[in-house]
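Please look through the sequence and the 3D structure below.

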Amino acid sequence: MISAIVDTHCHLDLLQEKGLEISQALFNAKQHGIKQIIQIGIDESSSLHALEIAERFSDEIQIYFTIGCHPCHQVQDSEIEKIICLTENLRSHPKFVGIGEIGLDYYHLQEKKRQEDVFRKFIELSIQLGVPIVVHSRDAAEDTYQILSQYKNQVFGTIHCFAYNLEYAKKFIDLGFYISFSGILTFRNAKEIQEAASKIPLQNILVETDAPYLAPMPHRGKRNEPSYTSYVMKHLFHLRSEPKQKVEEQVFQNSQNFIHKKRVLC
Ligand SMILES: [Zn+2]
């Protein structure tokens, strides 16, 4: 039994829409050693909901939240302004972790310019406020890297649900980012991601579910939930050369550093 895991990226609101009550998801998570959860915002209303969830359910498990604008959300300028305003107002909230998810998704959306503009707007906001970002990047490794590298030594945060190779993992680490592994890490065909997880410095690793999506083996294809972070952790133990306890303690410590907005060491 692993005793101290943090699910650094999940969507309890979307999980509830898929039929699992938040209180039940938290009960299950607690049984599997999950100590903290970061609830992620994807637009204005879900960010407000994330705040509400963090305030309302933290008796069970400590819940933190982010405010974000997902690249697949086709956002209007007026909503961007509202999200910026919300972030500024909640910047000092004890449960507020950072800005995200934000980023680029060329798998779902081919239109690149608007995604880039919105991404840059929120990167610049994060720099202005001194808070980390949670990056969603799908089929867009090089553009994500190019944009982030233009803000090197200013921007920091995590590459959530990392799905690229070792070379990109190292490049993002060099920019001051954590690499967060999801259930994909347990998939048999995820060789490049597994290689990255086995070779990058332990101090740069976070784990997550991205629930309700991307359930790890042996639940692949089913509804995901925060308790399944334990499967991601177990797979990480299997991939790393360090003793299990060392991996567990360091990944937990990394999560604390991230939650408390400390820049990652590179
Ligand atoms: Zn997500």
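Leu 12 touches Ile 22, Ala 25, Leu 26, Ile 37, Gln 39, Ile 53, Ile 63 and Pro 226, leaving aside residues up to four places away in sequence; contact means heavy atoms within 4.5 Å. The model is predicted, so local features need pLDDT of at least 70 and side-chain atom pairs pLDDT 80 or more, while totals for chains, interfaces and linings use all residues. Residues are numbered from 1 along each chain as its sequence is written, and side-chain values use heavy atoms, without hydrogens and water.

Leu 12 is also among the residues with the most contacts inside the largest nonpolar core, which has 81 residues. A nonpolar core is a set of buried Ala, Val, Leu, Ile, Met, Phe, Trp, Tyr and Cys residues joined through side-chain atoms within 4.5 Å; buried means under 20% relative accessible area, exposed over 50%, and partly exposed in between, with a 1.4 Å probe and protein chains only. Helix H5 (residues 113-129) gives the largest share of this core, 6 residues; helices are DSSP runs of H or I with at least four residues, strands runs of E with at least two, numbered from the N terminus. A second, separate core of 11 residues includes Val 6 and Tyr 178.

Which residues hold the protein donors of the zinc ion? They are His 9 (NE2), His 11 (NE2), Glu 101 (OE) and Asp 210 (OD), 2.1 to 2.5 Å from the ion. Donors are N, O and S atoms within 2.8 Å of the metal (3.2 Å for Na, K and Ca), and sites may look incomplete because water is not among the atoms. His 11 and Asp 210 link distant parts of the chain, 199 residues apart. His 11 counts as buried because its relative accessibility is 3%, and Asp 210 counts as buried at 9%.
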